[in-house]
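Please keep the structure open while reading.

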Amino acid sequence: MSSRRLCEERVVIVTGAGRGLGRAHALAYAAEGARVVVNDLGVGLDGTPGPDSPAAQVADEIVAAGGEAVAHGGDIATNEGAASLVRTALETYGRLDTLVNNAGFLRDRMLVNLDEDDWDAVMRVHLKGHFLPLRHAAAHWRAETKAGRTPVARVVNTSSGAGLAGSVGQGNYSAAKAGIVGLTLVAAAELGRYGVHVNAIAPAARTRMTERAFADTMAAPGTGFDAMAPENVSPLVVWLGSAASAGVTGRVFETEGGRITVMEGWRPGPTADKGARRTPAEAGETALKLVAEAELPRPVYGAG
(Lines give C-alpha, C1' and ligand atoms only; values in the text may rest on other atoms or scores of the structure.)
Protein backbone atom coordinates (compact mmCIF):
# COMPACT_ATOMS: atom_id res chain seq x y z
CA MET A 1 0.00 0.00 0.00
CA SER A 2 1.29 3.46 -0.90
CA SER A 3 1.91 5.99 1.87
CA ARG A 4 -0.64 8.69 2.55
CA ARG A 5 -0.17 11.71 0.30
CA LEU A 6 0.71 15.05 1.83
CA CYS A 7 -2.63 16.79 1.13
CA GLU A 8 -5.00 13.85 1.18
CA GLU A 9 -8.60 15.05 1.71
CA ARG A 10 -7.59 18.70 1.93
CA VAL A 11 -9.56 21.23 -0.12
CA VAL A 12 -7.35 23.82 -1.76
CA ILE A 13 -8.17 27.01 -3.65
CA VAL A 14 -5.59 28.29 -6.13
CA THR A 15 -6.23 31.67 -7.78
CA GLY A 16 -4.79 32.47 -11.18
CA ALA A 17 -4.46 28.73 -11.70
CA GLY A 18 -5.11 28.58 -15.42
CA ARG A 19 -1.52 29.05 -16.48
CA GLY A 20 2.06 29.32 -15.26
CA LEU A 21 2.74 29.06 -11.55
CA GLY A 22 -0.93 28.72 -10.59
CA ARG A 23 -1.46 25.80 -12.96
CA ALA A 24 1.69 24.11 -11.66
CA HIS A 25 0.49 24.58 -8.06
CA ALA A 26 -2.98 23.18 -8.82
CA LEU A 27 -1.56 20.09 -10.50
CA ALA A 28 0.96 19.55 -7.70
CA TYR A 29 -1.72 19.79 -5.01
CA ALA A 30 -3.90 17.32 -6.90
CA ALA A 31 -0.97 14.92 -7.19
CA GLU A 32 -0.71 15.02 -3.39
CA GLY A 33 -4.38 14.14 -2.95
CA ALA A 34 -5.99 17.57 -2.63
CA ARG A 35 -9.37 18.49 -4.07
CA VAL A 36 -8.68 21.70 -5.96
CA VAL A 37 -10.78 24.76 -6.77
CA VAL A 38 -9.11 26.13 -9.90
CA ASN A 39 -9.74 29.86 -10.22
CA ASP A 40 -8.84 31.87 -13.30
CA LEU A 41 -10.55 34.79 -14.96
CA GLY A 42 -8.82 34.03 -18.26
CA VAL A 43 -7.37 37.46 -18.92
CA GLY A 44 -4.40 38.65 -20.92
CA LEU A 45 -1.08 39.85 -19.54
CA ASP A 46 -2.52 43.35 -19.08
CA GLY A 47 -5.63 42.11 -17.27
CA THR A 48 -8.07 42.40 -20.17
CA PRO A 49 -10.37 39.42 -20.88
CA GLY A 50 -8.97 36.69 -23.12
CA PRO A 51 -10.86 34.66 -25.71
CA ASP A 52 -11.31 31.67 -23.40
CA SER A 53 -10.82 30.80 -19.76
CA PRO A 54 -8.22 28.15 -18.95
CA ALA A 55 -9.62 27.25 -15.50
CA ALA A 56 -11.85 24.47 -16.85
CA GLN A 57 -8.97 23.07 -18.88
CA VAL A 58 -6.80 22.70 -15.77
CA ALA A 59 -9.69 21.22 -13.77
CA ASP A 60 -10.30 18.74 -16.59
CA GLU A 61 -6.61 17.88 -16.63
CA ILE A 62 -6.72 17.07 -12.92
CA VAL A 63 -9.85 14.95 -13.27
CA ALA A 64 -8.38 13.08 -16.25
CA ALA A 65 -5.40 12.16 -14.08
CA GLY A 66 -7.73 10.71 -11.43
CA GLY A 67 -7.99 13.73 -9.16
CA GLU A 68 -10.82 16.00 -8.03
CA ALA A 69 -11.19 19.59 -9.18
CA VAL A 70 -13.76 22.23 -9.99
CA ALA A 71 -13.30 25.38 -12.05
CA HIS A 72 -14.19 28.89 -10.86
CA GLY A 73 -14.11 31.82 -13.27
CA GLY A 74 -15.07 34.67 -10.97
CA ASP A 75 -13.16 37.91 -10.46
CA ILE A 76 -11.56 37.50 -7.04
CA ALA A 77 -10.71 41.21 -6.88
CA THR A 78 -14.44 41.86 -6.31
CA ASN A 79 -16.18 41.11 -3.04
CA GLU A 80 -18.77 38.89 -4.69
CA GLY A 81 -16.18 37.06 -6.76
CA ALA A 82 -14.08 36.32 -3.68
CA ALA A 83 -17.15 35.25 -1.68
CA SER A 84 -18.23 33.02 -4.57
CA LEU A 85 -14.77 31.43 -4.65
CA VAL A 86 -14.97 30.35 -1.01
CA ARG A 87 -18.60 29.27 -1.48
CA THR A 88 -17.57 27.07 -4.38
CA ALA A 89 -15.14 25.18 -2.17
CA LEU A 90 -17.68 24.77 0.64
CA GLU A 91 -20.63 23.84 -1.58
CA THR A 92 -18.62 21.44 -3.73
CA TYR A 93 -16.45 19.74 -1.12
CA GLY A 94 -17.91 20.78 2.23
CA ARG A 95 -14.76 22.37 3.59
CA LEU A 96 -11.79 24.64 2.89
CA ASP A 97 -8.28 23.96 4.14
CA THR A 98 -5.85 25.98 2.05
CA LEU A 99 -5.92 29.20 0.06
CA VAL A 100 -3.16 29.92 -2.44
CA ASN A 101 -3.29 33.53 -3.66
CA ASN A 102 -1.48 33.65 -6.98
CA ALA A 103 -3.47 35.72 -9.50
CA GLY A 104 -1.77 38.71 -11.08
CA PHE A 105 -0.68 40.52 -14.22
CA LEU A 106 1.67 43.28 -15.32
CA ARG A 107 1.37 46.81 -16.67
CA ASP A 108 5.00 47.87 -16.64
CA ARG A 109 5.96 51.51 -17.09
CA MET A 110 8.70 53.79 -15.83
CA LEU A 111 7.28 56.01 -13.09
CA VAL A 112 7.07 59.12 -15.24
CA ASN A 113 4.95 57.18 -17.76
CA LEU A 114 2.88 55.20 -15.24
CA ASP A 115 -0.66 56.49 -15.32
CA GLU A 116 -3.33 56.15 -12.66
CA ASP A 117 -5.23 53.37 -14.45
CA ASP A 118 -2.11 51.22 -14.69
CA TRP A 119 -1.41 51.79 -11.01
CA ASP A 120 -4.98 51.02 -9.91
CA ALA A 121 -5.34 47.93 -12.10
CA VAL A 122 -2.20 46.25 -10.77
CA MET A 123 -3.00 47.16 -7.16
CA ARG A 124 -6.52 45.83 -7.63
CA VAL A 125 -5.59 42.40 -8.92
CA HIS A 126 -2.46 41.73 -6.88
CA LEU A 127 -3.19 43.37 -3.54
CA LYS A 128 -6.98 43.53 -3.39
CA GLY A 129 -7.04 40.14 -5.12
CA HIS A 130 -5.08 38.74 -2.18
CA PHE A 131 -7.05 40.57 0.51
CA LEU A 132 -10.59 39.64 -0.51
CA PRO A 133 -10.18 35.84 -0.82
CA LEU A 134 -8.16 35.91 2.41
CA ARG A 135 -10.89 37.88 4.18
CA HIS A 136 -13.65 35.48 3.14
CA ALA A 137 -11.60 32.38 3.89
CA ALA A 138 -10.60 33.79 7.29
CA ALA A 139 -14.22 34.54 8.15
CA HIS A 140 -15.10 30.90 7.45
CA TRP A 141 -12.21 29.61 9.56
CA ARG A 142 -13.09 31.95 12.42
CA ALA A 143 -16.68 30.65 12.36
CA GLU A 144 -15.37 27.08 12.40
CA THR A 145 -13.22 27.84 15.44
CA LYS A 146 -16.13 29.47 17.28
CA ALA A 147 -18.20 26.35 16.55
CA GLY A 148 -15.53 24.22 18.22
CA ARG A 149 -13.95 22.94 14.99
CA THR A 150 -10.58 24.70 14.90
CA PRO A 151 -9.17 24.07 11.42
CA VAL A 152 -5.67 23.23 10.30
CA ALA A 153 -5.80 26.00 7.72
CA ARG A 154 -3.09 27.42 5.52
CA VAL A 155 -2.67 30.50 3.31
CA VAL A 156 0.16 30.90 0.81
CA ASN A 157 0.49 34.39 -0.67
CA THR A 158 2.57 35.31 -3.70
CA SER A 159 4.98 38.21 -3.44
CA SER A 160 8.03 38.74 -5.64
CA GLY A 161 11.66 39.74 -5.58
CA ALA A 162 10.35 43.02 -6.99
CA GLY A 163 8.37 43.48 -3.79
CA LEU A 164 11.40 42.76 -1.62
CA ALA A 165 14.02 44.79 -3.47
CA GLY A 166 12.21 46.89 -6.07
CA SER A 167 12.28 46.54 -9.85
CA VAL A 168 12.97 49.29 -12.40
CA GLY A 169 9.93 49.88 -14.58
CA GLN A 170 7.61 48.11 -12.14
CA GLY A 171 6.65 50.72 -9.56
CA ASN A 172 3.04 49.52 -9.38
CA TYR A 173 3.94 45.81 -9.32
CA SER A 174 6.74 46.27 -6.76
CA ALA A 175 4.49 48.30 -4.45
CA ALA A 176 1.69 45.73 -4.69
CA LYS A 177 4.04 42.83 -4.01
CA ALA A 178 5.57 44.65 -1.04
CA GLY A 179 2.03 45.23 0.23
CA ILE A 180 1.38 41.49 0.04
CA VAL A 181 4.30 40.90 2.41
CA GLY A 182 2.78 43.36 4.89
CA LEU A 183 -0.62 41.71 4.53
CA THR A 184 0.98 38.31 5.14
CA LEU A 185 2.61 39.42 8.38
CA VAL A 186 -0.62 40.95 9.71
CA ALA A 187 -2.71 37.93 8.72
CA ALA A 188 -0.27 35.52 10.37
CA ALA A 189 -0.49 37.52 13.61
CA GLU A 190 -4.27 37.91 13.56
CA LEU A 191 -5.38 34.49 12.34
CA GLY A 192 -3.17 32.16 14.35
CA ARG A 193 -5.85 31.91 17.04
CA TYR A 194 -8.16 30.37 14.43
CA GLY A 195 -5.73 27.64 13.41
CA VAL A 196 -4.50 29.51 10.32
CA HIS A 197 -0.86 29.68 9.22
CA VAL A 198 -0.04 32.40 6.66
CA ASN A 199 3.18 32.56 4.64
CA ALA A 200 4.37 34.13 1.40
CA ILE A 201 6.65 33.08 -1.41
CA ALA A 202 8.75 35.24 -3.73
CA PRO A 203 9.20 32.91 -6.70
CA ALA A 204 11.43 33.19 -9.76
CA ALA A 205 10.06 31.13 -12.63
CA ARG A 206 9.14 31.25 -16.30
CA THR A 207 5.59 32.51 -16.76
CA ARG A 208 3.77 34.69 -19.27
CA MET A 209 4.72 37.68 -17.12
CA THR A 210 8.43 36.93 -16.77
CA GLU A 211 9.37 35.38 -20.09
CA ARG A 212 8.91 38.76 -21.81
CA ALA A 213 10.44 40.96 -19.13
CA PHE A 214 13.44 38.69 -18.53
CA ALA A 215 13.64 36.74 -21.78
CA ASP A 216 17.32 35.75 -21.56
CA THR A 217 17.16 34.66 -17.92
CA MET A 218 13.91 32.76 -18.33
CA ALA A 219 14.76 30.83 -21.51
CA ALA A 220 14.46 27.07 -21.16
CA PRO A 221 17.78 25.19 -21.57
CA GLY A 222 18.19 22.69 -24.36
CA THR A 223 19.24 19.98 -21.91
CA GLY A 224 19.64 19.49 -18.17
CA PHE A 225 17.75 20.98 -15.24
CA ASP A 226 15.29 23.71 -16.21
CA ALA A 227 15.78 26.01 -13.24
CA MET A 228 13.06 28.41 -14.38
CA ALA A 229 10.29 25.84 -14.80
CA PRO A 230 7.29 26.90 -12.68
CA GLU A 231 6.94 23.33 -11.41
CA ASN A 232 10.08 23.87 -9.30
CA VAL A 233 8.23 26.36 -7.09
CA SER A 234 5.19 24.19 -6.41
CA PRO A 235 6.68 21.63 -3.96
CA LEU A 236 7.27 24.36 -1.35
CA VAL A 237 3.81 25.81 -1.98
CA VAL A 238 2.24 22.38 -1.49
CA TRP A 239 4.17 21.80 1.74
CA LEU A 240 3.25 25.23 3.09
CA GLY A 241 -0.39 24.44 2.30
CA SER A 242 -0.31 21.12 4.12
CA ALA A 243 -0.68 20.16 7.77
CA ALA A 244 3.02 19.22 7.73
CA SER A 245 3.98 22.93 7.88
CA ALA A 246 2.76 23.25 11.49
CA GLY A 247 4.63 26.00 13.33
CA VAL A 248 5.75 27.85 10.20
CA THR A 249 3.85 31.12 9.84
CA GLY A 250 4.57 34.76 9.07
CA ARG A 251 7.51 33.79 6.86
CA VAL A 252 8.59 34.83 3.36
CA PHE A 253 10.48 32.34 1.20
CA GLU A 254 12.37 33.06 -1.99
CA THR A 255 12.30 30.04 -4.25
CA GLU A 256 13.99 29.50 -7.60
CA GLY A 257 14.97 26.25 -9.29
CA GLY A 258 16.29 24.00 -6.52
CA ARG A 259 16.97 26.86 -4.10
CA ILE A 260 14.81 27.88 -1.13
CA THR A 261 15.74 30.89 1.02
CA VAL A 262 14.05 32.19 4.17
CA MET A 263 13.96 35.97 3.83
CA GLU A 264 14.67 37.91 7.02
CA GLY A 265 13.18 41.21 5.98
CA TRP A 266 13.64 44.63 7.54
CA ARG A 267 15.50 44.55 10.84
CA PRO A 268 17.43 47.20 12.79
CA GLY A 269 20.92 47.94 11.51
CA PRO A 270 23.43 50.50 12.77
CA THR A 271 21.85 53.06 15.08
CA ALA A 272 22.85 56.17 17.00
CA ASP A 273 20.95 57.98 19.75
CA LYS A 274 22.02 61.48 20.76
CA GLY A 275 19.39 61.73 23.46
CA ALA A 276 18.38 65.14 22.13
CA ARG A 277 17.11 66.76 18.94
CA ARG A 278 19.65 67.13 16.13
CA THR A 279 20.02 69.97 13.68
CA PRO A 280 19.49 68.98 10.02
CA ALA A 281 23.25 69.06 9.48
CA GLU A 282 23.83 66.80 12.49
CA ALA A 283 21.11 64.43 11.32
CA GLY A 284 22.77 64.23 7.91
CA GLU A 285 26.22 63.63 9.41
CA THR A 286 24.80 60.83 11.56
CA ALA A 287 22.87 59.30 8.66
CA LEU A 288 25.99 59.20 6.46
CA LYS A 289 27.98 57.55 9.24
CA LEU A 290 25.29 54.89 9.76
CA VAL A 291 24.94 54.22 6.02
CA ALA A 292 28.69 53.67 5.80
CA GLU A 293 28.44 51.06 8.57
CA ALA A 294 25.38 49.32 7.14
CA GLU A 295 25.19 46.42 4.72
CA LEU A 296 24.69 47.35 1.10
CA PRO A 297 21.05 47.02 -0.05
CA ARG A 298 20.10 44.29 -2.47
CA PRO A 299 20.36 45.41 -6.09
CA VAL A 300 17.20 46.70 -7.69
CA TYR A 301 15.94 44.38 -10.41
CA GLY A 302 16.31 45.75 -13.89
CA ALA A 303 19.02 48.25 -12.98
CA GLY A 304 22.19 48.61 -15.00
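Two strands pair if DSSP finds at least two bridges between them. Helices (H or I, at least four residues) and strands (E, at least two) are DSSP runs, numbered from the N terminus. This is a predicted model: local features need pLDDT of at least 70, side-chain atom pairs count only at pLDDT 80 or more, and totals for chains, interfaces and linings use all residues. Residues are numbered from 1 along each chain as its sequence is written, and side-chain values use heavy atoms, with hydrogens and water left out.

**Sheet layout**
- Eight strands make an open, mixed sheet in the order β3-β2-β1-β4-β5-β6-β7-β8.
- β3 (68–72) and β8 (259–263) are the edge strands, each pairing on one side only.

**Strand pairs**
- β4 (residues 98–100) and β5 (residues 153–158) run parallel, joined by three bridges.
- V100 has V156 in β5 as its bridge partner.
- β6 and β7 also run parallel, with five bridges.
- A202 is bridged to E254 in β7.

**The β7–β8 hairpin**
- β7 and β8 are antiparallel over five bridges.
- E256 has R259 in β8 as its bridge partner.
- Two residues separate the strands of this hairpin, and G257 in the turn has a positive phi of about 55 degrees.
- Four of the five residues of β7 are buried (under 20% relative accessible area; exposed is over 50%, partly exposed in between; 1.4 Å probe, protein chains only).
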